[in-house]
Amino acid sequence: MKSTTDAIIEVQGIELAYGVNHVIEDLSTTIHAKSFIGLIGPNGAGKTTLLMSLSGQFRPQKGRILFQDSDIYLRNIEFKHMIGYVHENPFFYPYLSAEEFLYFVARIKKVPKNEIESQVASALKSVCLDEESQKLTPNLSMGMRKKLAIAAALLGIPKIIFLDEALNGIDIESAFQIKQVLKDFVANGGTIILSSHALEVIEKICDRYLVLKNGEIIADLTADGFKKSDVVNEDIDLEGYIIQLLNA
Amino acid sequence: MPFTDYFVGRFPGSLHLPLKLGISIALVFIMAAMFLLGCVGRSLFEQPDSDQFLAIFFQEPFVILITLVVVWYTVSFKSTPARLDEYKFLSSLPISAGSICDRFIGQDLLRYSWVPGLGIVIYFGLLPVSPISHLFRLSILTVFGFILFVVANTVLHLLSSLKGRNPGSYAYPGRTNPIIIAVIILGYAVSQMSFIITPALASGYQFWIVFILLLLGNSASLVLARFLFSKWQTKNSAFQMWADQTITVRSSWLRASNQFRLFAKTDPFLLKNLLKIRRENTGFSMILTAMFIMLAYLISMNNENINDSISVLFAISCIYSFLIAFRTINQFSPDEESPDLVYSLPLRTWNLYFSVFIPAMGWLAVVLASLTILISGGAGSLAGSFLLQSLFAAAAFLLVASNYALGSYPDIKEAQKRFLYWTTALMVLTAVLYKYRIITVSLLIILPFLQLRKVRFYRVG
């Protein structure tokens, strides 16, 4: 585990509920800079809700989320300038082309005007979408839409990127390239929180695993720690271990 | 499959056979009765007094007929997203192109059957000044003219879909062309007007000539429609049609016109909404608005006193502004501005506010200015006063609607409810406190701004 000095997000006893339906209860954790975190859990565990809350989109009923010692809901707009978010089913305006959508997001994120064109081109290239950039968004396939959402999240050089099932439905070649882009992002000081059911992806690219069940973190493991731990042997991998944890 | 099979419900998937059969028999019976009572013997030559007939017609039935035409246009345009799916399904079955064409024409005839129905009701309102046999003949011509124009509508859509290098674009059957619909509906209205203005056309042997011409036109256009549909289908597999729907935008907005570049520098949301207006099919709105302007002008000018005319026009413009403002709330619906996107971006309230307010206000300003130009010939100063008042009312409605929409975002039902309550309060309070109406109205406009304090672009559990 990294030292507390490089903590980028501090979660302090948050509770999240939709009406009377409590999803997350008294959850605390720390997200460190330059980390690639995999959020794992069964359907309904609260992964998306937690991601939404950590990204300033769902204010907790109790507790606080601090970004560099400031409550992200008190400085919501400033915080959102520093993040990128990819939804599981991303939304696009049907009357804009892929490129126009990226220009739109870049303007909202206040990317300097002289950098917009290069950032958009670079983002399109990094997700292998440069050849489809002039298509209206309804004409993009599901995989392409995911790629476009990832490209939008990369704009404005964010400090944190949240990915909710973002790599699902993307072809092998593009997925490989996107994973490389995400790894480079982390290597250059960024932080990524990725929610996914694809454990083989998480195992390959993440350096920390948070296992969520019924709104609680039931395991918080570093990749290195997990590999060196006693639980790993020839018969059990991350998938087997997680299944054991969830059934416990 | 023969055309008539559609009406007796033998087409695959057709339901309610006894009901359709019953309606078909009733229609044939009524039509036969109208022929017997209006088109044979001495009754064929009975005519109303032309001057009296027209005087009564232009008092009220005319305005109702124009309204009917506008409503028909509005409804016609909102057609057929489901028809694409139906076409996809039907084209996978062993059914001939002609039968599918019949099916679609039959659907249109049934869907808009209220048009000749209401037309007949309007004509029978003229019973005090016309022999009933003449009204029967007018009704017959209305029904057969309606069939002709509906089939011609299909023919024109097919022709437009077959032109160009890539025959059979997606215009038919899934999308409607507003210009074609306008031409068809205006053609129908003009033909009906000609029967009314010239009663001789619907009387005596001329009636039979017109009727036979209509029958021949119906038959010919039906044959033509089936032929064109077959040609269209041959050149367009369903898959080709989906492929054609892939639209590529050649120019990005940064390379678009200077005007758009200027907006891009100020607010991307506003630019986005302007692009939406530019790319969505605005022909329909333009024609509908032109019809509204004409109708509003005609209704208001039905008064002898110019002050009364302008008061009526102001009332109509207020209703129009209210409707546009109410529609503006829809632009904040989750389908238009997804909370997923809005909540994940660093947005400020004004980004959304002005991007909706400015285009809507611009639209209203153009409409109100057009009305002002129409009335300015007779009363220049009154027209200026009308313009100022109506612009103020339009801005007030839009501001209040935008405030409620943003305050309740993304719950537009709540916003619509509040806006309706506000409008009711406005009407009641200004009536009760008429003496203090300026203060009342000002307060009612200012208070909804408090809604903006509630705006948060994140979810609260």
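Start by selecting A:Asn214, in the loop between strand E10 (208–213) and strand E11 (216–222) of chain A. Strands here are DSSP runs of E with at least two residues, helices are runs of H or I with at least four, and both are numbered from the N terminus. Check the backbone of A:Asn214: phi is positive, about 50°, although the residue is not a glycine. A:Asn214 counts as partly exposed because it has 15 C-beta neighbours inside 10 Å. (The cut-offs: buried means 20 or more other C-beta atoms within 10 Å of a residue's own, exposed means 12 or fewer, and partly exposed is in between, with C-beta atoms placed from the backbone.)

A word on what you're looking at: this is a predicted model, where local features need pLDDT of at least 70, side-chain atom pairs count only at pLDDT 80 or more, and totals for chains, interfaces and linings use all residues. Residues are numbered from 1 along each chain as its sequence is written, while chains are lettered from A and ligands numbered from 1 in the order in which they are written.

Next, jump to A:Gln68, in the loop between strand E5 (62–67) and strand E6 (70–71) of chain A. Phi of A:Gln68 is near 50°, again positive in a residue other than glycine. With 14 C-beta neighbours inside 10 Å, A:Gln68 is partly exposed. Why stop at such spots? Because most residues other than glycine have a negative phi, and most peptide bonds are trans.

For a peptide bond that is cis, go over to chain B and pick B:Tyr409 and B:Pro410: omega between them is near 0°. B:Pro410 sits in the loop between helix H17 (380–408) and helix H18 (412–432) of chain B.

Back in chain A, select residues 47–54, helix H1. Buried or exposed, mostly? Seven of the eight residues of H1(A) are buried, among them A:Leu50, A:Leu51 and A:Met52. After H1(A) comes A:Gly56, with a positive phi near 80°.

Now zoom out to the whole of chain A. Colour by secondary structure and you have nine helices and eleven strands. The radius of gyration of chain A, taken over C-alpha atoms, is 18 Å, close to the 18 Å from the globule rule for 248 residues, so the chain is as compact as a globular protein of that length. (That rule is 2.2 Å times the number of residues to the power 0.38.) Of the 248 residues, 46% count as buried.

Eleven residues of domain 1 are in contact with 13 of domain 2, contact meaning C-beta atoms, placed from the backbone, within 7 Å. On the domain 1 side, strand E8 (residues 160–164) of chain A gives the most, with five residues.

Last stop: show both chains. Their contact takes 28 residues from chain B and 34 from chain A. On the chain B side, helix H12 (268–279), helix H15 (339–344) and strand E1 (459–460) each give two or more residues, and H12(B) gives the most, with five. Finally, select strand E4 (residues 58–59) of chain A, which pairs with E1(B) in the parallel sense over two bridges; pairing needs at least two bridges found by DSSP. Look there for A:Arg59, opposite B:Val460.

How values were computed
Contact = placed C-beta atoms within 7 Å.
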